[in-house]
2 protein chains.
Amino acid sequence: MQLVHTVTELRAALGEHRDTAFVPTMGNLHSGHISLIDLARKHGSPVVASIFVNPLQFGIGEDFERYPRTLAADCSQLDAAGCDLVFAPDAQEMYSQPQTFHVQPPLADELCGAFRPGHFQGVATVVLKLFNMVQPRYAVFGKKDYQQLFILKGMVRQFNLPIVILEGETSRADDGLALSSRNAYLTKEERAEAPRLFRLLREAAHRIEVGERDFTAVEQAVSDDLRAHGWRVDYVSVRSQVNLLAPKSQESDSVIIAAAHLGRTRLIDNIECCSGSIDLKRQEI
Amino acid sequence: MQLVHTVTELRAALGEHRDTAFVPTMGNLHSGHISLIDLARKHGSPVVASIFVNPLQFGIGEDFERYPRTLAADCSQLDAAGCDLVFAPDAQEMYSQPQTFHVQPPLADELCGAFRPGHFQGVATVVLKLFNMVQPRYAVFGKKDYQQLFILKGMVRQFNLPIVILEGETSRADDGLALSSRNAYLTKEERAEAPRLFRLLREAAHRIEVGERDFTAVEQAVSDDLRAHGWRVDYVSVRSQVNLLAPKSQESDSVIIAAAHLGRTRLIDNIECCSGSIDLKRQEI
């Protein structure tokens, strides 16, 4: 596996390859990331991972400074996983001049965007830059960052990028907690509490799948339970899988998305739920 | 020469070509456009021209509806000029869903942007889309649209697009008027008056080149003369070639840019001026 730090080295290493599968990351890799590498390997070659903690997508007071930088360990994992090339630029290489051009995506002020102003503009902008550097045929993103994945799929479609987005399922610990680099921030007590988020989302999804259409009540129940156990809730929201807007009552494919803080750590998770047509008919009666 | 209307046809026609030289246009071609095709042919192959009147870059009350559509005549000219492929999509092909992702460029509210809100966002967005469709190695833009060229060069650099921008000199009629599709809107009397714009810009450039550093006075003189001859002036502005901002008094490379209306027709033009170091020294004394 080769490690490069500049766009010039990257392009030289890639040459005329046309089937590159690309996995952008912020490093501090865990088995969730490795599952994305596995998915990339099934589709394209060479497999390229990027490691860059993007300042553009962090707000003031967020965890840009303390976000873990673990390049050597990351490279060992990527090598073992069969990654061919790692692109780890520094900030100077990514932003050799102040970034004055941005991608303005829709839904940037919704859900996580309402709590992280500029976050999705920063994500879309850096991903577009990385796409233009790597020029992959495939790019892999995890479903844990559901809104991010949704926005990036839209960007590829609306900017006519010649790239296929592959979606990686969320990897979870045995107790259901979605794997995240930020889990490392949790104290022992918080780590024991953290699986509640997914447990509640699963219960909420079940309620919807068996016919509940009062989405506000479902959201409120999850929020209340989290708050009762010491969480600070940013949002719990039932959305349409189609457009990430509030679902119509007859909508069959929705997703419950949530973001909440345990102590100093912000956790996000989501679960898709498909209500069958039987439930819809029952609803209509 | 091949004519295609869809991205699918375009990509099939281009295949694995890696040296494409691309000339985006809005059609209604004149010899200025053909000079851009000539420039493209010197650098890359195949030469691809696009013809698309982009609604996204026209404001309310502008000339989107009456902008001349002359596809057959355009294709004849392109064929004769040695263009290999014409991509002429319709609005449905370019915007198969409402465009909710945009490129937000800097300087979008300056100069022409101050008078055409959203114009440069629309230009940058459609050009990014066209770039991703055509995937050229070279792209050609004329210096007549100086601010557009400046913004697109910035976009390529800041989004790390693997594209080289080639700059075409402004083509002019014998009397100095910059060639433009919009010249066709001019009445006979307006056409006779129109060369005044470039004549005044040339005089202004001469004043700066021989040492004048009161740029406001230079701008005002051009505006006054235009207004005295029936023009409605949007702006006349001396700017730095480096960043298109107001130049510092010691700046050596500037550009005078102007936009003004003759009757129902909005004309733009510009001229670069280089003040030598001798003048700078004289200035410092």
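A residue is counted as buried if 20 or more other C-beta atoms lie within 10 Å of its own, as exposed if 12 or fewer do, and as partly exposed in between, with C-beta atoms placed from the backbone. Helices (H or I, at least four residues) and strands (E, at least two) are DSSP runs, numbered from the N terminus. The structure is a predicted model, in which local features need pLDDT of at least 70 and side-chain atom pairs count only at pLDDT 80 or more, while totals for chains, interfaces and linings use all residues. Residues are numbered from 1 along each chain as its sequence is written, and chains are lettered from A and ligands numbered from 1 in the order in which they are written.

By these criteria helix H7 of chain A is mostly covered, with 10 of its 13 residues buried. The buried residues of H7(A) are Tyr146(A), Gln147(A), Gln148(A), Phe150(A), Ile151(A), Leu152(A), Gly154(A), Met155(A), Val156(A) and Gln158(A). The expected span of a helix is taken as 1.5 Å times one less than its number of residues. For the 13 residues of H7(A) this gives 18 Å, which agrees with the 18 Å between its end C-alpha atoms. Just after H7(A), Asn160(A) adopts a positive phi of about 55 degrees.

Chain A is divided into domain 1 (2-168) and domain 2 (181-276), with bounds that come from an automatic or database domain assignment. Taken over C-alpha atoms, the centres of the two domains of chain A are separated by 26 Å. Their contact takes 11 residues from domain 1 of chain A and 11 residues from domain 2 of chain A, where two residues are in contact if their C-beta atoms, placed from the backbone, lie within 7 Å. On the domain 1 side, the elements that give two or more residues are helix H5 (112-115) and helix H7 (146-158) of chain A. H7(A) supplies the largest share of that side, three residues. By class, the domain 1 side has seven nonpolar, three polar and one charged residues; Ala, Val, Leu, Ile, Met, Phe, Trp, Tyr, Cys and Pro count as nonpolar, Asp, Glu, Lys and Arg as charged, and the others, Gly among them, as polar.

The contact between the chains takes 21 residues from chain A and 21 residues from chain B. On the side of chain A, two or more residues each come from strand S5 (102-104), helix H6 (119-134) and H7. The largest share here, four residues, comes from H6(A). The chain A side comprises 11 nonpolar, nine polar and one charged residues. Strands S5(A) and S5(B) (residues 102-104 of chain B) pair in the antiparallel sense over three bridges, where pairing requires that DSSP finds at least two bridges between two strands. In this pair, Val103(A) stands opposite Val103(B).

Within chain A, strand S3 (residues 47-51) is mostly covered, five of its five residues being buried. In a regular strand the side chains alternate between the two faces of the sheet. Both faces of S3(A) are covered, with Val47(A), Ala49(A) and Ile51(A) buried on one side and Val48(A) and Ser50(A) buried on the other. Strand S2 (residues 21-25) of chain A pairs with S3(A) in the parallel sense over five bridges, and Val23(A) stands opposite Ala49(A).

In chain B, six strands form an open sheet in the order S1-S4-S3-S2-S6-S7, with parallel pairing. Strand S1 (2-4) and strand S7 (164-168) of chain B stand at the edges with a single partner strand each, so one side of each is left without a neighbour in the sheet. The twist from one strand to the next averages 25 degrees; axes are lines fitted to C-alpha atoms, for helices over the stretch in contact, and angles run from 0 to 180 degrees between N-to-C directions. S1(B) and strand S4 (residues 85-87) of chain B run parallel and are joined by three bridges, with Gln2(B) opposite Leu85(B). Helix H3 (residues 71-80) of chain B lies across S1, strand S3 (47-51) and S4 of chain B, at about 165 degrees to S3(B). Helix H7 (residues 146-158) of chain B packs on the sheet against strand S6 (138-142) and S7 of chain B, its direction making about 165 degrees with that of S7(B).
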